[in-house]
Amino acid sequence: MARSRGVVTSSESPSAVSPRKGNLAWGLLAAAAAALVTVSALARENHPARPEVDLLTRAKVLWADGDLAGAEAAARESLKNHPSDLSASQLLGRILLDAGRAAESRLLFTEVLKQDPKNVQAMRGLGLAYQGLGQLELAASCLSGATGLAPKDARIWRELGLVQKQKGDTWGAMSSLQESLSLDPAQADLTALISDLASAGPEGPGRPVPALATPKVTRTPGAPPDPTQHFPKPATYGR
C-alpha cells in the first residue's frame, strides 16, 4: 500500500481508514443527542407548559377580531384551568361588557377588585358596567377612582367625561374631557364636544366655562372608591 509523507495515496482504499473515523463521529453525535434530550427534559420540568396562557392569548385575539362568542369560550376555559388568574377574569368581564351583558361583567370586576382593590382596569371596567346598567352615579364614582389610579390615561378621563355628560354634570364633563384632550390631543371629536358643552353653559349660576385654549386642567382626583360599597344586592341587578 503506497504512502507519501503520511498522506494516503489514490492506491489506498478509503475503507481502510474510515471505520475508526466513522465510529468516532457517530459516538460524538450520539453523545450530543443524549445531552439535548437531557436539557429538554430539564426545561420541561423547570418550565412546564401553561395551556391557560395559550387560551388567554386566543381569547384576546378572538376578542380583537370581534368573535365575542369564541373569545368568551376561550376565556372561560382559561379561567376554569386557572381560577385565580385575575387577568382572565378581567378579560372575560370586558368581553361580556362588549356583548351587552353588563350585569355579568359587573360581578367579575367586583370579584377582581375584592382581591386587588387597586386594579385600575377592573375599576374602569366596573364603572363601564355600571354605565351599561344605567347606574350613572356609581359609574362616575368608579371611573373617577380609576383616574386616581391612572391619572395619565386619556381613555379613562374620556369615559368619565362621557358618563358625567350623560348624567347631566356639564361642568364635570367639560373638565374631564379637557383633561383627556390634554393627554391625547389627537381626539379631534372631543374639541367639538367640549365646544357644544360650553355653548350650553355650565350648570349653576356664576360658574365660569373652562377656556378651550387652556392646555391642561389641574384636577386632583379623589381617592379610589371602596368597591365593596358599590355593590347592590344581587336581586337588584339580576341577569
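The buried residues of α6 are Ala122, Met123, Arg124, Gly125, Leu126, Gly127, Leu128, Ala129 and Tyr130, where buried means under 20% relative accessible area, exposed over 50% and partly exposed in between, with a 1.4 Å probe and protein chains only. The model is predicted: local features need pLDDT of at least 70 and side-chain atom pairs count only at pLDDT 80 or more, while totals for chains, interfaces and linings use all residues. Residues are numbered from 1 along each chain as its sequence is written, and side-chain values use heavy atoms, with hydrogens and water left out. Helices (H or I, at least four residues) and strands (E, at least two) are DSSP runs, numbered from the N terminus.

**Helix α6**

- The buried residues of α6 pack against α4, α5, α7 and α8, contact being heavy atoms within 4.5 Å.
- α6 has 13 residues, and the distance from its first C-alpha to its last is 18 Å, close to the 18 Å expected at 1.5 Å a residue; the expected span is 1.5 Å times one less than the number of residues.

**Nonpolar cores**

- A nonpolar core is a set of buried Ala, Val, Leu, Ile, Met, Phe, Trp, Tyr and Cys residues joined through side-chain atoms within 4.5 Å.
- The largest such core has 18 residues, and Leu126 and Tyr130 have the most contacts inside it.
- Two or more residues of this core come from each of α5 (102-115), α6 (120-132), α7 (136-149) and α8 (154-166).
- α7 supplies the largest share of this core, 6 residues.
- Another core, of 13 residues, lies apart from it and includes Leu62, Ala71, Ala88 and Leu91.

- Of the 14 residues of α7, 10 are buried, so α7 is largely enclosed by the rest of the structure.
- The buried residues of α7 are Leu136, Leu138, Ala139, Ala140, Cys142, Leu143, Ser144, Gly145, Ala146 and Thr147, and what covers them includes α6 and α8.
- The end C-alpha atoms of α7 are 20 Å apart, in agreement with the 20 Å that its 14 residues should span at 1.5 Å a residue.
- In α9, 11 of the 14 residues are buried, so this helix is also largely enclosed by the rest of the structure.
- Those buried in α9 are Thr170, Gly172, Ala173, Met174, Ser175, Ser176, Leu177, Gln178, Glu179, Ser180 and Leu181; α8 and α10 (188-200) are included in what covers them.
- Helix α9 (residues 170-183) should span 20 Å at 1.5 Å a residue, and its end C-alpha atoms are 20 Å apart, which agrees.

**Alanine 102**

- Alanine 102 is found in helix α5 and is buried, with a relative accessible area of 9%.
- Its C-alpha atom is separated by 4.9 Å from that of alanine 129, 27 residues apart along the chain.
- Leaving aside neighbours within four places in sequence, alanine 102 is in contact with Leu97, Ala129, Gly132 and Leu133.

**Largest pocket**

- A pocket is an open set of points on a 1 Å grid over the protein atoms alone, where a 1.4 Å probe fits, with protein on both sides within 12 Å along at least five of seven lines; lining residues have an atom within 4 Å of a point.
- The largest pocket has a volume of about 190 Å³, the volume being the space filled by probe spheres set on grid points joined across faces, edges and corners.
- Lys60, Trp63, Ser87, Gln90, Leu91, Arg94, Phe109, Gln121 and Ala122 line the largest pocket.
- α2 (51-64), α4 (86-98) and α6 each give two or more residues to this lining, with the largest share, 4 residues, coming from α4.
- The lining residues divide into 4 nonpolar, 3 polar and 2 charged; Ala, Val, Leu, Ile, Met, Phe, Trp, Tyr, Cys and Pro count as nonpolar, Asp, Glu, Lys and Arg as charged, and the others, Gly among them, as polar.
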